[in-house]
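Take a look at the model below.

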Amino acid sequence: MAREKSSKDNAQALFHSLRSAYAATPVNLKIIDLYVGFAVFTALIQVVYMATVGSFPFNSFLSGVLSCVGTAVLAVCLRIQVNKEFKDLPPERAFADFVLCNLVLHLVIMNFLG
Amino acid sequence: MRKFWVIFVASISILLPFLCNSFSPEIPTDRRVLVLLDDLAIKSSHSSYFNSLKSRGFDLDFKLADDPKIALQRYGQYLYDALILFCPSVERFGGSIDVASIINFVDSGHDLIVAADVNASDLIREVATECGVDFDEDPSAMVIDHIRYAVSETEGDHTLIASDDLIKSDVILGSKKITAPVLFQGIGHSLNPVNSLVLKVLSTSPSAYSANPKSKLSTPPSLMGSEISLVSVVQARNNARILISGSLSMISNRFFRSGVQKAGSTTKHEKSGNEQFFTELSKWVFHERGHLKAVNVKHHKVGETDEPALYRINDELVYSLEIYEWSGSSWEPYVADNVQVQFYMMSPYVLKTLSNDKKGLYSTSFKVPDVYGVFQFKVEYQKLGYTSLSLAKQIPVRPYRHNEYERFIPTAYPYYGAAFSTMAGFFIFSFVHLYNK
């Protein structure tokens, strides 16, 4: 009985500590997290749509999902490199990489969309 | 001398068109007919029939069947357009005519009338068998009917039959109904039921049978009732027409003029139906009636006039053709509502009835099916008594070219939206990220 209570307490304590730690992150990182969430959400909508309607223009489906997944991946990379504890690259260089990679990604997406 | 040559050449060129008055696709009615007889008395005893043929413009050439100088063709060209065999007891034809040459004559599209009678020779039976009609094997058998015979003072053995079982076809027997029964005295024949080209024109009642009238019946007769046909016609696949009759005497003047009274009925007809029957039937056999031609087969896309070399799937197209019927002297438009066209590749993908404008032009429009390949426009028209039309025109059908598909697919709009929204999101985010303090 004590152990149950303690595991529940542990879970709650863990959750609270995560929330407070997250509240302490800088605002620009939170903005990147929001952006990642938006991309994943768009990808989920497309997968649900394909599950209902069928995969007829499969290339369009892949292109749409890939644009969301690619955006999410590039945004995560940017978040890692912009963090104050990351010392290998200056954040301006990270942002420039992010922009160029996104350009290439969207070029590919537009071609594959049909 | 020069004047003589000018006159000579001018007269030849004027007379030349008149020399070409034989059977041709433009004028399907036969012109020159060879009539082979057993003996020349038939020429006078059947003169009524021959005169009716002559008055319709036929060129009759009477010869004895064993005349050594008769020939159907010379140097590869046929001398006659039709053949009438009124020689039931001939054993061997004279000249260059034999069963094979008669069959070749029919195979090349010419018409034939064969009349057998009691004691018909094996030769005539062989000609009839080649045409699809089997006479009774007993050489002295005649058709006897003890219930539907014709009342007469002289013949008491009921071999003279009065029959009104005629085929129901206005094309073959004419539009005017034959009211009097048709007299018949001769041998009967049977038709193979599988054969779809041969038709019974005059048949007997179920009480008729084929047997020797002079001897007692010891075994059941081989031909009975509805198997027996008295007069049959065959329309071959090349549209040659053959008439086979089991009695030569039914075409004679005597039978044409005699009155007829069926046994058991009180109506006495003044004139038998034989003359009308044979006159109308010979009009059909010699292609004066019921001969169709189909010309001007055209197809094009809706809205255009020229014929494309190939179609694309899901095209709208129009198919048209003209059908004319020979009326004996000119081509009249043929009016019917059951001519169909098939768009065929191994099986008909489209089957449509053509609508006509009452002037012989049949047309319809339909959409090419969603299958590509090599198709045929097929018209297969077979109606009782009319020539069969069998037309086929090949046309390829191609699939869409890569730029003929729809540009934007409606089902993919969410994917288009997602891709553009991520682009817009990236743009807005980069501004926010850069100008965020």
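Between them, chain B and chain A bury about 2300 Å², and 79% of that area lies on carbon and sulfur atoms. Keep in mind that this is a predicted model. Three residues stand out on one side. B:Tyr415, B:Phe426 and B:Phe429 supply 33% of the area that chain B buries against chain A, more than any other three residues. By class, the side of chain B that touches chain A has 13 nonpolar, 7 polar and 1 charged residues.

How many residues does each chain bring to the contact? Chain A gives 31 residues and chain B gives 21 residues.

Now follow chain B along its sequence. Its division gives domain 1 at 16–285, domain 2 at 291–398 and domain 3 at 406–437. The centres of domain 2 and domain 3 of chain B, taken over C-alpha atoms, are 55 Å apart.

Next, a sheet in chain B. Its 3 strands run in the order S8-S14-S15, and the sheet is open with antiparallel pairing. Which strands form the edges? They are strand S8 (142–145) and strand S15 (223–224) of chain B, each pairing on one side only. Strand S14 of chain B, residues 208–211, pairs with S15(B) in the antiparallel sense over 2 bridges. To find this pairing in the model, look for B:Ser210, which stands opposite B:Leu223 in S15(B).

Note on methods. Residues are numbered from 1 along each chain as its sequence is written. Chains are lettered from A and ligands numbered from 1 in the order in which they are written. This is a predicted model: local features need pLDDT of at least 70, side-chain atom pairs count only at pLDDT 80 or more; totals for chains, interfaces and linings use all residues. Side-chain values use heavy atoms; hydrogens and water are left out. Contact means heavy atoms within 4.5 Å. Buried area is the accessible area (1.4 Å probe) that two parts lose on being put together, summed over both. Ala, Val, Leu, Ile, Met, Phe, Trp, Tyr, Cys and Pro count as nonpolar, Asp, Glu, Lys and Arg as charged, and the others, Gly among them, as polar. Domain bounds come from an automatic or database domain assignment. Two strands pair if DSSP finds at least two bridges between them. Helices (H or I, at least four residues) and strands (E, at least two) are DSSP runs, numbered from the N terminus.
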